[in-house]
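Colleague: I have a structure to go through with you. Could we take it piece by piece?

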Amino acid sequence: MGEQRSGRGHGGGVRAGRERGRWGHSAGRSTYIPRSSSTALSGYTRPLARLIDQFERLPGIGPRTAQRLALHLLRQPEEQIRSFADALLAARSQVGQCQRCFHLSADPLCEICRNPERSNGQICVVADSRDLLAMERTREYHGSYHVLGGLISPMDGIGPELLQIQPLVRRVAGNPDATAAPPVHEVILALTPSVEGDTTSLYLARLLRPFTEVSRIAYGLPMGSELEYADEVTLARAFEGRRPVE
Ligand SMILES: [Zn+2]
């Protein structure tokens, strides 16, 4: 309670600015001054303050949660801490993007693209992998995905060329001499209801309509809300209520 959640920037990647903690000096000793307070925090040994500071850099983690997590970790056996650190480094070095849908993947093709039970005839287009995971939580959808990597936002200098739009068009238009891939019969746009989401949906609909049916999910969600934070039922209903883009 009372903790500040970092917002998601339009198109992703933009971090909410919160003042960082810093080291100060008083009476010849270094003292940790947390970002959340203008006064020096007493009672923290330096390595602990450093750990708390690392947690506070994470989105959605305020000073009190950061302290709770740091103190919890200190009580764990060293083996557990080592495997936690290994998991962080392994995820950072091994997780890349699926070559087909651009979802996070440690392999050339992600788990969903490799699953023979998922239909390639339907492609659900999302802004980022967090939205894909939100759609997966509904368990309503059994087709494939395409992760754009953001939304068109001229205000932020994000044009279509910075997003994975050409690979999507290639997936939908298909390779004329390839018979292996079944045709895509529907593209479902699952983009946040916002100016950027609307702009991107209209842009994609114009590009893709010559090749396939294009629909956009209906929203029982207020304008400007985030797909990622929607509850499963609302998201599932919105998905059922999708309709063709006019
Ligand atoms: Zn994939």
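The questions and answers below go through this predicted model.

Colleague: How many helices and strands does the protein chain have?
Modeller: The chain holds 246 residues, of which 28% are buried. Among contacts between residues at least 6 apart in sequence, 53% join residues at least 24 apart. Its elements number eight helices and nine strands.

Colleague: Which element of the protein chain has the lowest mean pLDDT, and which the highest?
Modeller: For the chain, the mean pLDDT is 82, and 78% of the residues reach 70 or more. Over residues 1–21 the pLDDT is below 50, and this stretch has 36 contacts in the model beyond near neighbours in sequence. Residues 24–28 also have pLDDT below 50, with seven such contacts. Among the elements, the lowest mean (49) belongs to strand 1, residues 22–26, and the highest (97) to strand 6.

Colleague: Why do the buried residues of helix 5 line one face of the helix?
Modeller: Helix 5 spans residues 129–138, and its buried residues are Ser129, Asp131, Leu132 and Met135. Seen down the helix axis, they line one face because they fall within an arc of 155 degrees.

Colleague: How is helix 5 oriented relative to helix 8, parallel or perpendicular?
Modeller: Helix 8 covers residues 232–240, and its axis lies 9 Å from that of helix 5, at an angle of about 90 degrees. Angles of 65 to 115 degrees count as roughly perpendicular. Therefore helix 5 and helix 8 are roughly perpendicular.

Colleague: How do the residues of the contact of helix 5 with helix 8 divide into nonpolar, polar and charged?
Modeller: Helix 5 contributes Ala134, Arg137 and Thr138, while helix 8 contributes Glu232, Leu235, Ala236 and Phe239. The residues of this contact divide into four nonpolar, one polar and two charged.

Colleague: Is Arg139 buried or exposed?
Modeller: Arg139 sits in the loop between helix 5 and strand 6. Its phi is near 55 degrees, a positive value in a residue other than glycine. Most residues other than glycine have a negative phi. Since 9 other C-beta atoms lie within 10 Å, Arg139 is exposed.

Colleague: And Phe102, is that residue buried or exposed?
Modeller: Phe102 is in the loop between strand 3 (96–97) and strand 4. Phi of Phe102 is positive too, near 70 degrees. A residue with 20 or more other C-beta atoms within 10 Å is buried. Phe102 has 23 such neighbours, so Phe102 counts as buried.

Colleague: Which residues are exposed on the other side of helix 6?
Modeller: In helix 6, residues 165–173, the buried residues are Ile165, Leu168, Arg171 and Val172. They cover an arc of only 120 degrees around the axis, so they are on the same side of helix 6. On the other side, the exposed residues are Gln166 and Arg170.

Colleague: What do the buried residues of helix 6 pack against?
Modeller: Arg171 and Val172 are among the buried residues of this helix. Just after helix 6, Gly174 takes a positive phi of about 75 degrees. The buried residues pack against strand 5, strand 6, strand 7 (186–189) and helix 7 (195–208).

Methods
Residues numbered from 1 in each chain as written. Predicted model: local features only at pLDDT ≥ 70, side-chain atom pairs only at ≥ 80, totals over all residues. Buried ≥ 20, exposed ≤ 12 C-beta atoms within 10 Å, placed from the backbone. Helix = DSSP H or I, 4+ residues; strand = E, 2+ residues; numbered from the N terminus. Arc of directions from axis to C-beta. pLDDT = per-residue confidence, 0-100. Contact = placed C-beta atoms within 7 Å. Axes fitted to C-alpha atoms, helices over the stretch in contact; angles between N-to-C directions. Parallel < 35°, antiparallel > 145°, perpendicular 65-115°, else oblique. Nonpolar A, V, L, I, M, F, W, Y, C, P; charged D, E, K, R; others polar.
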